[in-house]
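Please study the sequence and the structure before reading each solution.

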Amino acid sequence: MKKILVTGGAGFIGSHTVVELHAAGFDPVIVDNLSNSSVSVLDGLQKITGKNFTFYQEDCNSEYALNSIFEKEGNIEGVIHFAADKAVGESVLFPLKYYRNNVGSLVTLLTAMQKYGVRDLVFSSSCTVYGEPDQLPVTELSPVKPANSPYGFTKQVCEQAITDFCAADKDFSAALLRYFNPIGAHPSALIGELPIGAPNNLVPFITQTAAGLRDQLTVYGNDYNTPDGTCIRDYIHVVDLAKAHVSSLNALFSSASQGATVLNVGTGKGNSVLEVIHTFEEVTGQKLNYKLGPKRPGDVEKVYADPARIKEILGWDARLTLADALRDAWKWQCSLR
Ligand code: NAD
Ligand code: WQD
């Protein structure tokens, strides 16, 4: 059973990936400083899988902590690096926090991996690297645009650092997964997204509004150049996304991939904000209190993936629908009452 270090494994995408790693016969070891998650996630993981996963409450910026974990565990064979800060607006206000936590932790991790001879990495990147694309859908060859936030730039820098590291050490390989918009929750409703304070992202704002925790959702802009005037995104169920990490690791271990491989992880379908709202209302029977409001500065008009490359290389594709994801997100929200 291959032991996999999962940094940020108590977080939204990390926790769902731990479940899928376990289901696929891997042995996940979690390191998380709980800066944006709760220790209660471990209970949810235990209930879903029947397993108490090894958990280190440590900071990935600590060389000492990471070295100690690699030494204590002894035989870690691969790493999935989720640990990062992810709030775009916050990154504009506190850029150094983002350069330190997102870029700094990656460099510390790569250094420890090199020291302990661990050569396979899956990295959480983002479709934010494409900015406002010139052509849709975006392929991995679509240009990376100048970042419009320090957060976005940290993803570009991390991708480059990993690519350079792979070029310098031919034994090292990595999958750079560019996630589109992850939403939903585990169908058991035992784990899901736990935003701290008012959510920045659309779907948790929708579920919290429907649950009465927020008064009203504002749709940011309805005069975009899209069929209904609202922005278009590629919303991917977090369980499908989690499975893409398992497929990536399997490919890295089979030596099928060499160097750093960039992969889009999306469904290939674009949905507008109003389509998301109406699908939510249909699948949950809830009437959502929303209003049309001004554009949010920095928003991309439309972006969705061409997922052909990940299908070809990993045999992965998204199986779950927008309706599935919204139903599961609502079930999760209801479980928090
Ligand atoms: P999340 O905040 O739920 O999970 C990140 C986890 O990392 C949290 O549990 C947090 O406590 C932990 N963490 C942060 N800094 C740490 C550190 N220095 N040491 C140890 N643990 C640390 O976020 P998520 O949505 O699960 O995102 C996971 C990754 O995917 C991030 O790298 C994020 O940038 C990337 N990503 C997320 C999205 C999205 O919309 N959710 C989209 C694209 C990319
Ligand atoms: C989706 C759509 C909003 C909230 C962000 C990051 C990106 C990536 C994913 C990490 C947009 C609209 C939202 C609301 C709204 N994260 N919206 N009312 O902006 O596509 O991407 O998360 O890498 O880097 O920027 O996601 O969920 O915030 O917004 O109308 O209250 O919903 O305008 O069109 P976004 P989001």
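Helices (H or I, at least four residues) and strands (E, at least two) are DSSP runs, numbered from the N terminus. This is a predicted model, in which local features need pLDDT of at least 70, side-chain atom pairs count only at pLDDT 80 or more, and totals for chains, interfaces and linings use all residues. Residues are numbered from 1 along each chain as its sequence is written, chains are lettered from A and ligands numbered from 1 in the order in which they are written, and side-chain values use heavy atoms, with hydrogens and water left out.

**Exercise 1.** Determine where Thr209 lies and whether Thr209 counts as buried or exposed.

*Solution.* Step one: Thr209 belongs to helix 7 (residues 202-210). Step two: buried means under 20% relative accessible area, exposed over 50%, and partly exposed in between (1.4 Å probe, protein chains only). Thr209 has 7% relative accessibility and therefore counts as buried.

**Exercise 2.** Classify the aromatic pair formed by Phe280 and Trp330.

*Solution.* Step one: rings of Phe, Tyr and Trp (its six-membered ring) pair if their centres lie within 6.5 Å; planes under 30 degrees apart count as stacked, over 60 as edge-to-face and the rest as tilted. Step two: the centres of Phe280 and Trp330 are 5.6 Å apart with 90 degrees between the planes, and the pair is edge-to-face. Step three: Phe280 is in helix 9 (residues 273-284) and Trp330 in helix 11 (residues 322-335), so the pair ties together parts 50 residues apart in sequence. Step four: both Phe280 and Trp330 are buried.
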